Amino acid sequence: MRHKAQIQSLNEERTRLLRKAGVAAMILLVMAGVGFGLLQRRKNQQLRTVSATDPLTGLRNRRAAGTALQAMSTQRATPGMRHVLFLIDIDHFKQVNDGFGHHAGDDVLVDIADALRTLCRPGDVIARWGGEEFLMACPDLTAAQACTVAARLHERLGGARELAPGRAWDLTVSLGFAPFPFFEEGREGWEYAIRLADRALYAAKDRRNAWAGLWGRILPEGASAAGVLEEPESAVRSGNVDLMASYAIERLPKAALRAA
């Protein structure tokens with residue numbers, strides 16, 4: 001009987017050990033699964049960040065900017081204000097690459113990106129739109145405030161830069177802007193504003209080292225937003241669209257009419 005009791009005790013001990021080992025193994029498996037999940041989640045987040053970022057400047061790329069602009073479009077602006085898109089283009093950028101090398105051109109792009117970061121507000125969207133062109137979108141601005149922002153960007157982003165030892169370059173930029181919705185109480189989205197901001201940019205590029213903007217008032221009854229997009233100069237002449245610029249301008253140049 002003593003022998004049987006010992007055997008039973010040993011069996012019970014083995015069962016307890018097996019049970020503990022099973023629980024420990026299960027805990028290890030759960031911990032490993034959680035760790036793998038967290039690692040995978042982190043890697044996926046890194047991949048999303050990389051796919052949304054311009055590798056040179058660290059700003060949003062064009063695709064990520066479109067997503068951010070779409071999100072901004074869903075937020076109604078404060079009454080009397082609108083969201084505003086600014087397109088910024090470096091003047092004569094090819095001369096920088098040709099005269100100083102592409103590494104100097106890259107330095108200029110990084111410098112512009114850093115300056116935009118310091119100039120933007122929380123909630124603004126900044127991105128490298130393509131090549132030497134950048135985008136900045138600001139929620140809740142009046143037309144007068146949009147002109148002030150354009151003037152500040154124009155002043156702060158330009159200026160002399162030493163691109164090589166003893167060799168400086170007087171860098172200038174041109175800007176074009178347009179609001180979204182483009183017309184008061186309108187429904188035009190950011191894509192519409194991009195096209196009109198591009199036309200305003202062409203007007204600024206016609207002079208260079210300048211800024212220009214188009215701002216819709218009230219769309220006349222019977223007129224269409226698409227029609228205004230096709231003939232913006234007519235809308236400016238009729239007073240339905242305001243044309244603002246850093247220089248005396250009364251009409252859009254032909255290049256702007258062919259743009260976008």
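Biologist: How far is the sulfur of cysteine 120 from the closest cysteine sulfur?
Modeller: This is a predicted model: local features need pLDDT of at least 70, side-chain atom pairs count only at pLDDT 80 or more, and totals for chains, interfaces and linings use all residues. Side-chain values use heavy atoms, without hydrogens and water, and residues are numbered from 1 along each chain as its sequence is written. The closest cysteine sulfur to that of cysteine 120 sits in cysteine 138, too far for a bond, at 8.1 Å.

Biologist: How many disulfides does a search of the whole structure find?
Modeller: A disulfide needs two cysteine sulfur atoms within 2.5 Å. Cysteine 138 has its closest cysteine sulfur in cysteine 120, too far for a bond. The count is 0.

Biologist: Is cysteine 138 buried or exposed?
Modeller: Buried means under 20% relative accessible area, exposed over 50%, partly exposed in between (1.4 Å probe, protein chains only). Cysteine 120, at 24%, is partly exposed. Cysteine 138 has a relative accessible area of 2%, so cysteine 138 is buried.

Biologist: Which class does the ring pair of phenylalanine 100 and tryptophan 169 fall in?
Modeller: Rings of Phe, Tyr and Trp (its six-membered ring) pair if their centres lie within 6.5 Å; planes under 30 degrees apart count as stacked, over 60 as edge-to-face and the rest as tilted. The centres of phenylalanine 100 and tryptophan 169 are 5.9 Å apart. Their planes meet at 85°, so the pair is edge-to-face.

Biologist: Are phenylalanine 100 and tryptophan 169 buried or exposed?
Modeller: Take the burial cut-offs above. Both phenylalanine 100 and tryptophan 169 are buried.
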